[in-house]
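This report takes one chain from its overall form down to single residues.

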Amino acid sequence: MSTQHPAVAALEKALDDAGRHDGPFRPGGLAELDEREAFPTAAIRALDDLGLARHYVPTRYGGLLDDHGELLLLLRAVARRDLTVAVAHAKTFLGGACAWVAGTTAQATALGAEIQRGAVAAWGLTERHHGSDLLAGELSATPTGAGWLLDGEKWLINNATRGDLITVLARTDPAGGPRGFSLFLVDKRALPDGSYSHRPKILTHGIRGADISGIAFHHAPVPETALVGDVGDGIETVLKALQLTRTVAVGLSLGAADHALSLATGFAEGRNLYGRRLTDLPRVRRILGEISATVFLAEATALVSARTPHALTGELSVASAVTKAAVPTLAQDAIDRLTELMGTRGFLSRTYAEGQYAKLERDHRIVAIFDGSTAVNRNALIDQFARLARAYRDGRWNGTGLAEAAGLDRDLTPFDPARQRLLSGDGCSLVQSLPDAAQRIAALADRGLLPLQTARMADELTAVADRLHEDMAALRRTPRDVPPTAFHLAERYELLYAGAAALRLWLHNAPTAGPAAGPQLWRNGLWLAAALAAALTRLGHPVDESHAAAYDRVADLLLAAPTGTFSLLTTDDLAWSTS
């Protein structure tokens, strides 16, 4: 297989160069901006010059986006250097997503051209008094015969002030309701003076330099051509756009986890305690292995889900909600444990690594809120429990689509928003295929190609899935009365999804030349064993020492790897023959 993305490799090299001397990605310079809560203008300009914005625009509208997995990796590369810069720049993808889903060809093509010329787009969904409750939004759009008049405020909007264009969700029916809202692509540069005003930048705990502010419209006239989709389709379009943005935005969490693991490992290798390096202590090595396994779980989840818009489009409502809840949670847990390992230096500005660790620890906490909080995404999953339980019981799953989603060398089906659904009629093929995956792992173990312990963990994960789906089917709830136990079940489902993603990623990409073939992390299913052990432990099924030994072997590879290069995709040469 080949997992090489030339665009990602080129960006990685350019960002390395930009991080040296007085470059715009120099850590010390970014730390200084963060202390002043100043926007990282030079770093954003560097990304513009490198053409990153072209990857936010689908190829059918003149851009370079034909693989959402590639976009995930591009954002991960930026976030690995600085989360504030990644958040500030990537918002343009979010600002354009509704047009990619529901805009006319002319509208989306024009927006794509604007973005590639350097225009900044924002997404105006939330309001000061309503938060994630989009159906309570008060900003209104009133028809005039020649267009619309916008009145009201959007608040806590990334790039609300610096953005040139903003996609605004507005109430078009005074009665509201699911069909009472519409979307408008507003070009602020074309608005008359006095028809809008900016709300001040908000002081935030993390991503201090980002433009998190607001905008208010005062009888702002927009033309009929500003309407995105049909009148009344705003909520549906937003939900479909979120299916895309949620699967890509988790690249921010992967980058943050990469950065934290690199910095903390470097610290541990250089820190002496009782006459020994921290990394010489068995307990510290075990912790580093466990944290790496947690990151593997997050990475596997993100890699498979980012290809789902192409391969399993109709299941995106499940995959996106699970991914956006699971990956930031797993990454934050990894960061929290690394912070404990770092001790006071994890919290001090400029004392260790120019304050990079303290900054990323603050910055990442806000990622879980983007595109719907963890609770919002879990609630979206709970809404589909009955469907998921039924599909699992029936043993239905899309083998062709799943092979495309998990097989990193497979050609991707062009994304077609017409195939999106608000609710998945097929459930979740990844989780529903767990029994099949466990059988395949068992067959490989019988042939000596995987350890028997790995097969036992796959079987145990399947047993957990059987019980969980029974509990999901038995849950009784109403739309306004969601019992707390439902959120616990949703969290467990996320871990099943992550474990299933790890299994499928290994099955569809592992070397076929034997257990000693391929990169060291992949040999004999090493990373898979560590990831499964991490998933089962989180599910309340702690593994014994024979299973947990994979953590120590992973830690050995982590400590031997070049700084900042430890992941499933960048360890050794990932190019080999697969079935």
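Two strands pair if DSSP finds at least two bridges between them. Helices (H or I, at least four residues) and strands (E, at least two) are DSSP runs, numbered from the N terminus. On that basis, 10 bridges join E3 to strand E7 (residues 212-223), and the two run antiparallel.

The model is predicted: local features need pLDDT of at least 70, side-chain atom pairs count only at pLDDT 80 or more, and totals for chains, interfaces and linings use all residues. Residues are numbered from 1 along each chain as its sequence is written, and side-chain values use heavy atoms, with hydrogens and water left out.

**Overall form**

The chain holds 20 helices and 10 strands. Its C-alpha trace spans about 75 × 60 × 40 Å along the principal axes. The radius of gyration is taken over C-alpha atoms, and the globule rule is 2.2 Å times the number of residues to the power 0.38. For 579 residues a compact globule would come near 25 Å; the chain has 23 Å, which agrees.

Buried means under 20% relative accessible area, exposed over 50%, and partly exposed in between (1.4 Å probe, protein chains only). Of the 579 residues, 60% count as buried. Accessible areas come from the Shrake-Rupley method with a 1.4 Å probe; for residues, only the protein chains shown count as cover. The chain exposes about 21800 Å², and carbon and sulfur atoms supply 53% of that area.

Contact means heavy atoms within 4.5 Å. Among contacts between residues at least 6 apart in sequence, 78% join residues at least 24 apart.

Strand E2 (residues 140-143) runs antiparallel to strand E3 (residues 147-158), and four bridges join them. Thr 142 stands opposite Leu 149 in E3. E2 and E3 form a hairpin with three residues between them. In its turn, Gly 145 has a positive phi of about 100°. On the E7 side, Ile 157 stands opposite Ser 213. In a regular strand the side chains alternate between the two faces of the sheet.

Most residues other than glycine have a negative phi. Asn 159 has a positive phi, near 70°. Ile 207 also has a positive phi, about 35°, although it is not a glycine.

Asn 159 is found in the loop between E3 and strand E4 (165-171). Leaving aside neighbours within four places in sequence, Asn 159 is in contact with Phe 39, Ala 88, Lys 91, Val 120, Ala 121, Ala 122 and Asp 211. Ile 207 is found in the loop between strand E6 (196-199) and E7.

**Strands E9 and E10**

Leu 273 lies in strand E9 (residues 272-273). Beyond neighbours within four places in sequence, Leu 273 is in contact with Leu 278 and Leu 281. Arg 277 belongs to strand E10 (residues 276-277). Arg 277 and Gly 177 are 100 residues apart in sequence and 61 Å apart in space, C-alpha to C-alpha.

| Residue | Relative accessible area | Class |
|---|---|---|
| Asn 159 | 2% | buried |
| Ile 207 | 0% | buried |
| Leu 273 | 32% | partly exposed |
| Arg 277 | 34% | partly exposed |
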